[in-house]
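Let's walk through this model together, going from the chain as a whole down to single residues. Keep the viewer open as you read.

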Amino acid sequence: MSISERKQEEKQEMHQRILNGARKVFLEKGYEKASMRNIANEINYSPGTIYFHFKDKSEIFQELHNEGFTLLVNQLKVLTTVADPFERLKATGRVYIKFAQENKDYYNLMFMVNETLEAPTEGKFQIAQEAINHLHAVIADCQKQGRFKDMDTDYFTFMIISAMHGICALFCKDRMANFVDKTDDELMENGYECFVALLEKG
């Protein structure tokens, strides 16, 4: 390995170390109380090191946000091989819920940690829109085959997202303890299957 290649590898390793530390800080403190200094403290480096890689905490947050959505979208894209759009729709929910189960930290950053309204918004969160567009297209394909034909596609997409997100949000925020006889996995998976049963009746 050449010196330049080694330096590039070290730069990438530091970049990832900062992201890992920042993820923990954002989850523990929230966006508003997080700072470049406490991110630096988390990984035992000076704030100057952080600024060498990122201009501000908003840029770090956006990269973490995009990482999570990229992972989710890539998992959803695998479902394009499912020919029947309704089966694809049902599988989409299962993939979404499994993503939350396996990536709780990412899910909380993607949906639960509020970023300041003062942060620049232009060009942000386009990958999140891609995830919505994916679901919208699946529902449109279902409607072409006669399902949900009386439903407005936008509103129906919103309803599906809300149902899936509700299940995952309760899990990620540890709000399932009142169901004392059921595990989290049982509630998420069987609760979603109840929702699917309603869709099948429609």
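This is a predicted model: local features need pLDDT of at least 70, side-chain atom pairs count only at pLDDT 80 or more; totals for chains, interfaces and linings use all residues.

A helix crossing is called left-handed if the near helix is turned anticlockwise from the far one by less than a right angle, and right-handed if it is turned clockwise. Residues are numbered from 1 along each chain as its sequence is written, and side-chain values use heavy atoms, with hydrogens and water left out.

Start with the whole chain. The protein chain has 9 helices and 0 strands, where helices (H or I, at least four residues) and strands (E, at least two) are DSSP runs numbered from the N terminus. Read from the N terminus, the order of elements is α-α-α-α-α-α-α-α-α. The C-alpha trace spans about 60 × 40 × 40 Å along its principal axes. Of the 202 residues in the protein chain, 40% are buried; here buried means under 20% relative accessible area, exposed means over 50%, and partly exposed lies in between, with a 1.4 Å probe and protein chains only.

Now turn to α8 and helix α9 (residues 184-201). Their axes are 9 Å apart and the two helices pack at an angle of about 165°. Axes are lines fitted to C-alpha atoms, for helices over the stretch in contact, and angles run from 0 to 180 degrees between N-to-C directions. The pair is therefore roughly antiparallel, a label used for angles over 145 degrees, with under 35 counting as roughly parallel, 65 to 115 as roughly perpendicular and the rest as oblique. The crossing of α8 past α9 is right-handed. In the loop between these two helices sits Asp174, whose phi is near 55°, a positive value in a residue other than glycine. Asp174 is exposed, at 53% relative accessibility.

What is the phi of Phe148 near? It too is near 55°, a positive value in a residue other than glycine. Phe148 belongs to the loop between α7 and α8 and is buried, with a relative accessible area of 6%. Phe158, in helix α8, is exposed at 59%.

Rolling a probe the size of a water molecule over the atoms shows where empty space is left. The second largest pocket holds about 210 Å³ of space. Its 15 lining residues include Phe69, Ala128, Ala131, Ile132 and Ile161, which lie nearest its centre. At least two lining residues come from each of α4 (57-77), α5 (85-102), α7 (126-144) and α8 (153-172), and α7 gives the most, with 6 residues. The lining consists of 12 nonpolar, 3 polar and no charged residues. Some terms here need their rules: on a 1 Å grid over the protein atoms alone, a cavity is a set of points where a 1.4 Å probe fits but cannot get out, whereas a pocket is an open set with protein on both sides within 12 Å along at least five of seven lines, and lining residues have an atom within 4 Å of a point. Grid points are joined across faces, edges and corners, and a volume is the space filled by probe spheres set on the points. Ala, Val, Leu, Ile, Met, Phe, Trp, Tyr, Cys and Pro count as nonpolar, Asp, Glu, Lys and Arg as charged, and the others, Gly among them, as polar.
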